[in-house]
Amino acid sequence: MAVGGNAGSARGGIVLKGVTKRFGDTTAVRGIDLEIPGGAYCCLLGPSGCGKTTILRMIAGHEDPSAGVVSIDGEDVVGKRPMQRGTAMMFQSYALFPHLSCLDNVAFNLKVRGIGKAQRRERALEMLERVRMGAFAHRLPAQLSGGQQQRIALARALITNPRVLLLDEPLSALDEFLRLQMRLELKRIQHEFGITFVHVTHTQMEAIALADTVVVMDQGRIEHAGAAREVFEQPRTAYVARFIGGQNVLSGTVVASHPGRVTLETGAQRIVLDAPGTEREVGALFEVALRRDRVSLRRSSSAIEAPSPNSVMARVGSMEYQGSWFKIQLDGASGEEFVVNLPDTRYFEDPLAEGDEVIAAWNPQEAHLLGTGGAQG
Amino acid sequence: MQARESGRRGLSHYLLAGFFGLFVAFLYGPMSAIFVLSFQGPTGGLTFPMRGVSLRWFHALFSQERTGDFAGSFTRSLLLAALVLSLTVVISVLAGLAFRRRFPGSSFLFYLAVASLIMPGILVGLGIGVTFQFLDIPTAWYSSGLGAQLTWTLPFGLLIMFAVLSRFNRAYEEAGRDLGATNWQVFWLIVVPILAPGIIGVALFGFTLSYDEFARSLLTAGAQNTLPMEIWGMTTNVTSPALFALGTVTTLVSFAAIILSLGSIALIERRRTRRGSVAAGTSPAPGH
C-alpha cells in the first residue's frame with residue numbers, strides 16, 4: 001500500500017474532505033471535514049440518525065459519498081473495495097456467519113484469498129488465541145454469548161491485517177458488566193495492534209473513556225471534534241455541552257453588559273456572570289456551560305436575598321443518591337434543567353430536603369463560554 | 001394463565017378438538033382405506049372385505065396389463081417434477097434476491113407474477129394449449145406442460161423466498177465483501193448456505209406442486225399423459241384394486257419427497273447447533 005504523507009506517524013490516517021451523503025431526499029451527512037491521525041482511537045458520537053454510522057460505512061466502502069473525498073494514508077479510496085482500502089468492519093449485529101464454526105468464520109478472509117485449509121486454520125486459531133477465544137474454535141456463533149461473539153467478530157476483522165478497524169456500536173448489545181469489560185479489551189487490542197480504530201457510539205461515557213479523539217455529531221454535521229478532555233471540559237456549543245452531559249447550560253439574553261460582567265435574563269431569573277473580556281450587545285444570546293460537579297450549594301437565609309454574581313437561587317427538586325455523590329435537581333434556577341452533583345460527604349453534613357431554598361454558586365472561571373450552534377465544523 | 005391451564009377445559013377446547021378430529025378423519029381415513037385395499041387378494045374387488053392379502057395389484061401396475069401406461073406416466077411425472085423443481089429453485093432464488101432492491105415497477109411486477117395463483121388453472125392450461133395450437137407447435141409435457149406448471153410453481157417459490165429473505169440480515173453479505181469475498185463467493189459461501197433450508201422448501205413445493213398438478217397439465221401435456229391424468233383416466237376404466245395400488249405408490253413418492261426435504265432441513269439445523277453443545281459444559285460465561 002502507498003505510504004501516505006499526512007498527519008499521523010502510524011498507518012491508517014483518515015482524511016474526509018467535504019464528504020456529503022444523500023439518500024434520496026434526505027441528507028445524512030452534510031459536507032464533513034475530518035482528520036483522524038493514524039493509530040488513533042476515534043469515537044463518532046451522536047444520537048441515532050445523526051449520520052455517524054453513514055460516515056463509518058463510507059470509510060468502510062459500504063456506501064459511496066455523494067460528494068467529497070475519503071482518503072486513507074493520503075490515498076483516495078472512494079470506489080475501492082474494503083480489502084483494497086485496508087479497512088475492516090465490525091458490524092453492530094456482528095454478522096457472524098451462522099453456518100460456519102468460529103474458526104471458519106475467522107478463517108473466511110484467508111479462504112477467499114485462496115490460502116490452503118491447514119494454513120488458514122492455523123492462522124485463524126492463532127488469532128482466536130489473541131482475543132482469548134481459542135477454546136471456542138469449533139463452536140458455532142449461536143452457541144456463544146454476546147461478548148464471546150464480539151471477540152470472534154473482532155478476530156475475524158483483525159485477521160485481514162487492516163490499517164483501520166471500523167466498529168459500529170460494538171458494545172450496544174452487551175449488558176453493563178460486559179460492556180465495561182469489553183471496553184478495556186478494545187483499548188488493549190487497539191494498543192497491541194497499533195492501528196486506527198473508528199468507533200461509533202451513542203453513549204457519551206463510552207466515547208470519553210475510550211477515545212483519543214471524540215467527534216460529536218448532530219444532523220449530519222460535526223459539532224465538535226477534539227480530545228476527550230477538551231470535548232468534556234470545553235464543549236464548543238450548547239448542543240455538545242448538553243449531549244455530553246455533566247454540564248448545566250445557562251442560556252439567556254443579555255440585559256446589561258459592563259466590561260467583564262454580563263447580566264442574563266434566562267426566563268426564570270436574572271443571572272449576573274463574571275465574564276472577562278466579553279462585552280455583549282444588549283439583547284444578544286449568551287450561553288455558558290457549567291460543570292455540575294463544580295457548583296456548590298448553600299441554604300438561602302431568606303427568600304428575598306439579593307442575587308450575587310455567579311450564583312442562582314433555586315428550590316431543591318428531586319434528589320438521587322449515586323453512592324459517592326448526590327444528583328440534585330434544582331427548580332427555578334434557569335430556563336432549563338439545572339443539576340448539581342454534590343459529594344456525598346457534603347450532602348450528609350446537612351441533608352437537604354425537597355423544596356428547600358438554596359443558592360447555587362460557582363467560581364467565575366468554571367463558567368465556560370459557548371459558541372452558537374453548528375457554526376464551526 | 002396457570003389457573004386456567006390446570007382447571008377444567010372449556011367448551012372451546014372440545015369443539016376445536018372435534019374439528020381437528022374431523023380434519024384428520026377426512027385426510028387420513030380415505031388414504032388408509034386405499035392403502036389397505038391395495039393389498040387386496042387376487043380374487044378381491046374394489047371394496048371391502050379383503051379376500052386375502054397379495055402384492056398382485058402392484059405387479060399389475062408395472063405390467064401394462066390392463067391398467068394403462070402407469071410406468072411411462074410415472075417416469076414422465078418424475079422427470080417433469082425434477083425439471084420444474086430445478087427451474088423453480090433457480091428462478092425463485094434469483095428473483096427473490098432481486099426483489100430485495102426496490103426497483104421502479106417492482107410491486108407491479110410482483111403482483112403480475114403472483115396473479116396466476118388466483119387464475120383458474122384450467123383456463124391457464126386452456127390458453128396455453130390454444131396458443132400452441134395457433135402457433136402450430138405440438139403440445140408436449142416437456143414444453144407447453146412444463147411452462148404451464150411453472151406458472152403455478154414460480155409464484156409459490158417467489159412467495160416462499162420473500163418469507164425466507166425477510167429474516168435474512170444483509171449484514172452477512174456486507175461482512176463477506178468486507179472480508180474480501182467477490183460477489184460470486186458471497187453468493188456461494190454465504191447466501192446459499194444460510195438460505196439452504198428455505199431453498200429446500202422451495203424445491204419441495206416445486207416438486208409436489210408439479211407431481212400432482214392436473215388442471216394446467218390437462219390441456220398442455222400433449223399426447224403423453226402425466227401421472228395425475230393417467231390416474232384420472234384409470235378411475236373411469238380400471239375396475240380392479242390396481243387403482244388403489246397406484247394410489248399407494250404415488251402417495252409414497254410424495255411422502256418420500258416430503259421426508260427427504262424435511263429431513264435435510266432438520267439435518268442442516270442440527271449441524272448448526274450440535275457442534276458446540278458437546279463442549280457447552282466448559283462455557284465460562286455464567287448468566288449468558
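Guide: pLDDT is the predictor's confidence in each residue, from 0 to 100. This is a predicted model, in which local features need pLDDT of at least 70, side-chain atom pairs count only at pLDDT 80 or more, and totals for chains, interfaces and linings use all residues. Residues are numbered from 1 along each chain as its sequence is written, while chains are lettered from A and ligands numbered from 1 in the order in which they are written.

Visitor: What is the mean pLDDT of chain B?
Guide: On that scale chain B has a mean of 83, and 90% of its residues reach 70 or more.

Visitor: Where in chain B is confidence lowest, and where highest?
Guide: Helix α1 (residues 2–6) of chain B is lowest, at a mean of 50, and helix α8 (residues 171–178) of chain B is highest, at 94. Helices here are DSSP runs (H or I, at least four residues), numbered from the N terminus. Over residues 276–288 of chain B, pLDDT stays under 50. Where pLDDT is low, the predicted coordinates should not be read in detail.

Visitor: Why are α6(A) and α7(A) called roughly parallel?
Guide: Their axes, lines fitted to C-alpha atoms over the stretch in contact, cross at roughly 15°, with angles running from 0 to 180 degrees between N-to-C directions. Angles under 35 degrees count as roughly parallel, so α6(A) and α7(A) are roughly parallel to each other.

Visitor: How far apart are the centres of domain 1 and domain 2 of chain A?
Guide: Taken over C-alpha atoms, 41 Å separate them. The domains span 14–233 and 246–363, with bounds from an automatic or database domain assignment.

How values were computed: Helices (H or I, at least four residues) and strands (E, at least two) are DSSP runs, numbered from the N terminus. Angles under 35 degrees count as roughly parallel, over 145 as roughly antiparallel, 65 to 115 as roughly perpendicular and the rest as oblique. Two residues are in contact if their C-beta atoms, placed from the backbone, lie within 7 Å.
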